[in-house]
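Take a walk through this structure, one step at a time. Keep the sequence beside the picture as you read.

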Amino acid sequence: NISVQSDTSAIATTIQSFVTDYNAVENYISSQTTATTSSSGTVTAGTLTGDMDVESIATELRQFADAVPSGMTGAILDLNSLGVTSNGNDNTLTVDTTTLDAALSNNLAAVKKLFTDSTNGVATKLKSYITTTTGSTGVLATQEASFTKQYNDIGTSITNLKNKITQDETNLQNEFVAMETAINTINTEKQYLTDFFDEPTSTSAAPTTANSSSSSSSTSSTTS
């Protein structure tokens, strides 16, 4: 007799890898959105602290992990039925390997349906969500485009400000040179006027001209 059995150990490994990858995403989001406080009390915001779109992704992933897909009945209803549960501290998951192995051994068909149902399967819906989120019109692409535009706008503003500073510097230098030139001109004119009005004027008898001397000599000679 030939007996064919499913390789449940390989399936268990795949599910554990799924949980590991899921946790890696949640941990990364947490590391980028969480603010830290130093020993001195200084608070440093994460790169994406306050970014509602990113925090929404973390929340929606968690909802996929917690959801009970429509149409599931019996012992396998959700990931929790496989021993995949929240660790109670954050959005990450843990795997109870004993529960997982038992579910695979006793309800393999139901486990398959839980993940791969064409409409409501966990993997099916998660794949659709990830494809939409990371697509060209998804939230990540939109955010990237927004950040790129902000970066370019800031670069343009910096360039414009540098150009304005350079132009203002040139204008101020020209104004300073013009002011110095005006001051020098005023000082020159002031000195000229000072020299002009300070020059000594003749207050003694008017100077004797040549005609006056001749007239005096002639008068003296007649008298004699």
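Start at alanine 24, which lies in helix α1. This is a predicted model. Is alanine 24 buried, exposed or partly exposed? Its relative accessible area is 45%. Buried means under 20% and exposed means over 50%, so alanine 24 counts as partly exposed. Now look for threonine 92. It sits 68 residues from alanine 24 along the chain.

Step back to the whole chain. It has seven helices and four strands. In what pattern do they follow one another along the sequence? The pattern reads α-β-β-α-β-β-α-α-α-α-α. The chain has 224 residues, and 18% of them are buried. Next, take the contacts between residues at least 6 apart in sequence. Of these, 56% join residues at least 24 apart.

Return to α1, which covers residues 8–33, and follow it to helix α3, residues 97–106. The axes of α1 and α3 come within 10 Å. They cross at roughly 130°. Angles over 145 degrees would count as roughly antiparallel, and 65 to 115 as roughly perpendicular. The angle here makes α1 oblique to α3. The crossing is right-handed. Which residues make this contact? From α1 come Thr8, Ile11, Ala12, Ile15 and Gln16. From α3 come Thr97, Leu100, Asp101 and Leu104. By class, five of the contact residues are nonpolar, three are polar and one is charged.

Leu100, Ala103 and Leu104 are buried. An α-helix has 3.6 residues a turn, so residues three or four places apart point the same way. On the other side of α3, Thr98, Ser105 and Asn106 are exposed. What covers the buried residues of α3? The cover includes α1, strand β4 (93–95) and helix α4 (108–116).

Now move to a second pair of helices. Helix α2 spans residues 52–66, and helix α5 spans residues 122–134. The two pack with their axes 10 Å apart, at an angle of about 165°. That angle makes α2 roughly antiparallel to α5, because it is over 145 degrees. The crossing of α2 and α5 is right-handed. On the α2 side, the contact is made by Ser56, Ile57, Glu60, Leu61 and Phe64. On the α5 side, Val122, Lys125, Leu126, Tyr129 and Thr133 take part. What classes do these residues fall into? Six are nonpolar, two are polar and two are charged.

Is threonine 133 buried or exposed? Its relative accessibility is 8%, so threonine 133 counts as buried. Which residues does threonine 133 touch, leaving out those up to four places away in sequence? They are Ile57, Gly138, Val139 and Leu140. Isoleucine 57 is 76 residues from threonine 133 along the chain. Yet the C-alpha atoms of this pair are separated by 8.5 Å. Isoleucine 57 also belongs to the α2 side of the contact with α5.

How values were computed:
Residues are numbered from 1 along each chain as its sequence is written. This is a predicted model: local features need pLDDT of at least 70, side-chain atom pairs count only at pLDDT 80 or more; totals for chains, interfaces and linings use all residues. Side-chain values use heavy atoms; hydrogens and water are left out. Axes are lines fitted to C-alpha atoms, for helices over the stretch in contact, and angles run from 0 to 180 degrees between N-to-C directions. Angles under 35 degrees count as roughly parallel, over 145 as roughly antiparallel, 65 to 115 as roughly perpendicular and the rest as oblique. A crossing is left-handed if the near helix is turned anticlockwise from the far one by less than a right angle, and right-handed if clockwise. Contact means heavy atoms within 4.5 Å. Ala, Val, Leu, Ile, Met, Phe, Trp, Tyr, Cys and Pro count as nonpolar, Asp, Glu, Lys and Arg as charged, and the others, Gly among them, as polar. Buried means under 20% relative accessible area, exposed over 50%, partly exposed in between (1.4 Å probe, protein chains only).
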